[in-house]
Amino acid sequence: MPRASPVRIVKQLTAAGYNADREAVTLLAGAPDPDRAVETLLDQIESEAVTITAGEVREVLNGTTPRADDTTVSGGGETNTNHPNASESAAEVKGVEQADQAASDRSPRDPAEPIVHGDMTGESTGTGEYEDFVSVFRDRYERLSAMLRGRVKHRPTDALESMPGGSEGALIGLVTDIRSTRNGHWLVELEDTNGTFPALVMKDREFATAVEELLLDEVIAVQGTLSDDGGILFVDDLFFPDVPLTFEPSTADRHVQAALVSDLHVGSQEFLDGAWTDFADWLHSPAADSVEYLLIAGDMVEGVGVYPDQDEELDIIDIYEQYEAFSERLKAVPGDMEIVMVPGNHDAVRLAEPQPAFEPELREIMSAHDAHIYSNPSTVTLEGVSILLYHGVSLDELVAELPMPEVSYDQPDQAMAQLLKKRHVAPKYGGKNRIAPEKQDYLVIEDIPDVVHSGHVHKLGVGAYNDVRLVNSGCFQGQTAFQRSVNISPDVGTAPILDLDTLDVTVRKFA
């Protein structure tokens, strides 16, 4: 079967409004007449279907009509019991090693075209009016509170106010204030769509340390007992939206890998051109035969005017020439590789998140390999594995705000775990990273990804949280003057290689 067939099938199904899991596409591609099989499937599939499964395709190929109860909303792929362990750290990665050995001759590649979710490019509606801010916060609250309603019997704030003292109650709300009392307890003010209500966390409760993990504007649930006067809720338990302990990630049904990189900063005097060349050369080697995807999590170029006196540290001072130079580096990657990219804070898009993908002129410059360019953040599904791509500016916020030693620049995967716990990639509004008010909050992590890939902090971090694989991929830029001033030593020339069939990670180093 020619390589274009699976890609063409995915495009046909997407154009008709359907997603499909990897096995379903493979079955259609292997049919005697793939185009006829797709046409028959679309004629027979239930209109309310979202994702086409392998079972539905088999029934079409066998000449029967798909059953409505076979339709599932799924990222596709089969569940594998070989999951990443939540206690893993960067030290437990397969290994950081120099690119060296050769393997067997390169075999033909057959990568599937990515399926994207959450790409808001072209969908921005925010004008900065008051109504936009109300809309984005209301959407944030509604979507995150829906994740918590099964854990507590939520009472709106106005209902709590009318309940007698000593009653049991529960509340889901946005954190609007956190302060300590004279006796060292914590008073957390929560807001829902009806008003605000104070919740008191006693310092001697087992879960009291969870208050240290709170950020303003995130959504949590509390349950407890009202004070005698009914004016305060004494908290007996506190819940984050979180990733359920029962979560099982999907994996690919064949051995295939994705290279995860970020923060090239082409145009900077510190761009490590030699390291990138070595990486691209390695991708052509037999040792990289299984690497069929390249995912870039932002900051493709250094940008212009990003910080004061930046021009003194630029090797290329024109932003268009920076992207032209980046495109040349992209051309060094094998031509049969699927490339997915999202922008970062140094790229030529708006700083406020979510960041739409690039304007047509820049897209045209970066047209090598027909790369897939989506907004930041976006979730792509490759071989049935869903990967959340988020550049990672909010990691600065978490490192600065959370008094937890493990949440640090040296352990970026621990900060990424906090985003999963809060189910939002930028929980605090109006902090270090700008957030655009839209009609909906595109930064909510509504569907749990199998993998989260970030960058921004220029540090390597590989770990897991409740079986979600976490990867922060380092950078291809040497230490900058600013990094020297704050004693940050970047992890340079690193390329984590993700096994999509096991979610294991091997870190390749090229500098």
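**Salt bridges around Lys428**

Guide: The side chains of Lys428 and Glu401 meet in a salt bridge, 3.3 Å from N to O. A salt bridge means a side-chain nitrogen of Lys or Arg within 4 Å of a carboxyl oxygen of Asp or Glu.

Visitor: Where in the chain do Lys428 and Glu401 sit?

Guide: Lys428 is in the loop between H11 and S18, and Glu401 is in helix H10. The two are 27 residues apart, so this pair links distant parts of the chain. Helices (H or I, at least four residues) and strands (E, at least two) are DSSP runs, numbered from the N terminus.

Visitor: Is this an experimental structure or a predicted model?

Guide: This is a predicted model: local features need pLDDT of at least 70, side-chain atom pairs count only at pLDDT 80 or more, and totals for chains, interfaces and linings use all residues. Residues are numbered from 1 along each chain as its sequence is written, and side-chain values use heavy atoms, leaving out hydrogens and water.

Visitor: Which salt bridge does Lys428 form with Glu397, how far apart are the N and O atoms?

Guide: The closest N and O atoms of Lys428 and Glu397 are 3.9 Å apart. Glu397 lies in helix H10 (residues 394-401), so the pair ties together parts 31 residues apart in sequence. Glu397 is buried, at 3%.

Visitor: New topic. How many salt bridges are there?

Guide: The structure holds 17. Asp139, Arg143 and Glu446 are linked in a network of them.

Methods
Buried < 20%, exposed > 50% of the residue type's maximum accessible area, 1.4 Å probe, protein only.
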